[in-house]
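Dear colleague,

I am handing over the structure below. Please look through it first; my notes on what was found follow it.

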Amino acid sequence: MDRTKLYRRFRTLLIANRGEIAARVIRTARAMGLRTVAVYSEADRDAMHVALADEAVLLGPARARDSYLSVERLIEAARKTGAEAVHPGYGFLSENAEFAQACYDAGLVFVGPTAEMMTAMGSKSGSKALMEKAGVPLVPGYHGDAQDDATLAKAAEKAGFPILVKASAGGGGRGMRIVRSAAELGPAIVSAKREAKAAFGDDRMLIEKYVDNPRHIEVQIIGDSHGNLLSLFERECTLQRRHQKVIEEAPSPTLNATQRETVCAAARKAAGAVNYVGAGTIEFVSDGKDVFFIEMNTRLQVEHPVTELITGIDLVEWQLRVAFGEALPMKQDEIKLNGHAVEARVYAENPTRNFMPSVGKISTWRLPAETGGLRIDAGYREGDAVSPYYDAMLAKMIAWAPTRDVAIERLNRGLEESDVRGIVTNIPFLSALMTHPKVRANAIDTGFIERELAVLTQAGAAPGELELCAAVAAIVNDELRAAQAEANSPWQTFGWMPVGRRQRSFSFRVGHGAEQRITLNYGSGPSTLVIGERELAFAIAPKDGGFDLTLDGVKTSVAAVITGHELYLRTRNGRFDLHWVDPFGGESEEQSGEDKIAAPLPGTVVAVLAEEGAKLEKGAPILTLEVMKMEQTLRAPYAGTLKSIKCKVGDIVQEGVELAVVEPSGE
Ligand code: ADP
């Protein structure tokens, strides 16, 4: 195909994506003088990427199938706005050859490889066949066309358990199961196929030997339409949960210079096998000695910023230049590795509940400034809603420094200075990861998070004297601020006027723990706080996001967020969630509801696994929901009898709806 037809100069770019990557692409496109067009679904009317773009087009309903995955509506949006090119971002249609072809057919430049290259490399099976030919080392396994049970079983037996069943079209860890014995194979294939069909519309599977305790190493490459192809060093993405990356760094601390050159050369060979054009990533697993090709991603990846920070190259700029039909501006030997970069993915999810996504409104969004080597690529702002329809990644925090240790230090500090409230986030979990001695020592493998989960999600320290004082300070600070805003407040007349000595008592509780009391003395003379026998001189000076608290002459900075009776504090000792037991608040203990078998989030019932009347052990699976593209199995909260199932396969259920009832057995 004539490449001058595929790649040529354009002025208006449509970004067929949402969230942080849409915002990220818009930033560079604008800097290059392009006009930008955002697209959005009904759930994203007020989203950040819509606000950032020059123009925006509503695609359709929230469901991705009706909006971000609708080729027809995207092409129509481009036509309506006079867009000449499309950047697909990552996820959604970024690796969809039909979409790339549809763009071409509509006279649009697709910022990425051609449909043929995608077809060749996009499926894990196809690319493995190609790599085999090119002499790139592969994980032993099966990547053929035949998909019958017998063939797959034979292939698994031949590779030797444990094996991985993987969706050929897979991505984001979906449609993938570890299988440790022949007996587990059948059910694993059924469930992986179902997930793959729902996620990618393609349920072809491949079998791979499962490399024990591997590392994930990948190489960034980029090619132009003039036959130039460069590798931009490697990234190590070994810290994963559910086969999904959470922390990525560049360069890999595992490789020495020789190994680095070997893996980069293998990656160039892999991409060279299809004369690759655009940005792409060649992924490998490593057993510590050798690296084996697992797949190629024919798009920009989430973790591309770490590569940008160590090379000084803006990958989106290079993608756009390649799409303009230009030659890459550098030669391989001009690309230099400088320092170290680490990225953390900030998700709306709850690490203590199996990383269940969290949806809702972001009531507080405070991230540190992008100074001192810190970069933040965000897709959300304060007040934005996190909907159940899309991936729950909120932002990426990336730190650069001359050395790995300092980069980790900077990233951790950035995380510690971040306060995101209203939804549950993985920020404390990320902090725990970055401070874990084994992470610092690079003594990790892809199973690390799963093994260390208890340590990584440990509840923080119990609140001490400082936190109790800070809690009182937070309430007082909040009331004073409200008083200043409202001239006739009683605080103006009584509360803080020096009219004799006054006293006020507070009680706080953490979780279901005991109440802790603290008394504030104020009025004439200096204020003090009394905890038990101790009395501390106390002063506060409000500032952005909190206050400076002085206790017995020592000043310390406190970040605070108050929502009703819930206090969130960040002190030098860490993060604390306290409940203010207000004597006038009419406390009512909410039923915890954990025994209810209810949809944790809106989702679709994909399987019913037990029959009404069945006797269930505690933890027995009852039904499977697909929630935010992940399968979640709801289980019996205690041993008992399954009294009723209130849903059927295919039902779309709302959050909190009871789906089944288990009657506890006798005792
Ligand atoms: P996806 O496209 O869904 O991300 P990948 O094939 O890239 O799937 O694999 C995701 C992760 O699963 C890898 O980063 C690695 O940690 C693990 N993995 C993949 N293949 C193997 C394998 N053969 N042995 C061990 N771990 C693997």
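N213 sits in the loop between β9 (205-209) and β10 (215-223). Helices (H or I, at least four residues) and strands (E, at least two) are DSSP runs, numbered from the N terminus. N213 is not a glycine, yet has a positive phi of about 45°. Its relative accessibility is 49%, so N213 counts as partly exposed. The terms here are buried for under 20% relative accessible area, exposed for over 50%, and partly exposed in between (1.4 Å probe, protein chains only).

This is a predicted model: local features need pLDDT of at least 70, side-chain atom pairs count only at pLDDT 80 or more, and totals for chains, interfaces and linings use all residues. Residues are numbered from 1 along each chain as its sequence is written, and side-chain values use heavy atoms, with hydrogens and water left out.

Other backbone points

R242 also has a positive phi, of about 50°, although it is not a glycine. R242 is placed in the loop between β11 (229-241) and β12. With 26% relative accessibility, R242 counts as partly exposed.

There are cis peptide bonds to report as well. The bond from F161 to P162 is cis, with omega near 0°, and P162 is in the loop between α8 (149-159) and β7 (163-167). The bond from A250 to P251 is also cis, with omega near -5°; P251 belongs to the loop between β12 (244-250) and α10.

The chain as a whole

The protein chain contains 18 helices and 39 strands. For 667 residues, a compact globule would have a radius of gyration near 26 Å, and the 27 Å of the protein chain agrees with that. That radius is taken over C-alpha atoms, and the globule rule is 2.2 Å times the number of residues to the power 0.38. Along its principal axes, the C-alpha trace spans about 85 × 65 × 50 Å.

Of the 667 residues, 54% are buried. The protein chain exposes about 28700 Å², and carbon and sulfur atoms supply 50% of this area. Accessible areas come from the Shrake-Rupley method with a 1.4 Å probe; for residues, only the protein chains shown count as cover.

Among contacts (heavy atoms within 4.5 Å) with a separation of 6 or more, 62% are between residues 24 or more positions apart. The protein chain has 77 positive and 88 negative side chains, and the centres of the two sets lie 3 Å apart. Lys and Arg count as positive and Asp and Glu as negative, while His and the chain ends are not counted. The place of a charge is taken as NZ of Lys, CZ of Arg, CG of Asp or CD of Glu.

The cores

A nonpolar core is a set of buried Ala, Val, Leu, Ile, Met, Phe, Trp, Tyr and Cys residues joined through side-chain atoms within 4.5 Å. The largest has 124 residues, and those with the most contacts inside it are F10, L13, F284, L394, L433 and I622. Strand β22 (residues 393-401) gives the most to this core, with seven residues. Apart from it lies another core, of 29 residues, among them C469, V472, L549 and W580.

What does F284 touch, not counting residues up to four places away in sequence? Its partners include V136, R215, H216, V263, V291 and F292.

V291 lies in strand β14 (residues 291-297) and is buried, with a relative accessible area of 18%. Not counting residues up to four places away in sequence, V291 touches P137, V263, F284, V285 and S286. V291 and L138 are 153 residues apart along the chain, and their C-alpha atoms are separated by 8.2 Å.

Three further residues

T364 lies in strand β19 (residues 364-366). T364 is buried, with a relative accessible area of 6%. Leaving aside neighbours within four places in sequence, T364 is in contact with E382, D419, V420, R421 and V561.

G135 is in the loop between α7 (124-134) and β6 (141-142). G135 is partly exposed, with a relative accessible area of 47%.

N275 is in the loop between α10 (257-272) and β13 (278-286). At 55% relative accessibility, N275 counts as exposed. N275 and G175 are 100 residues apart in sequence and 29 Å apart in space, C-alpha to C-alpha.

Regards
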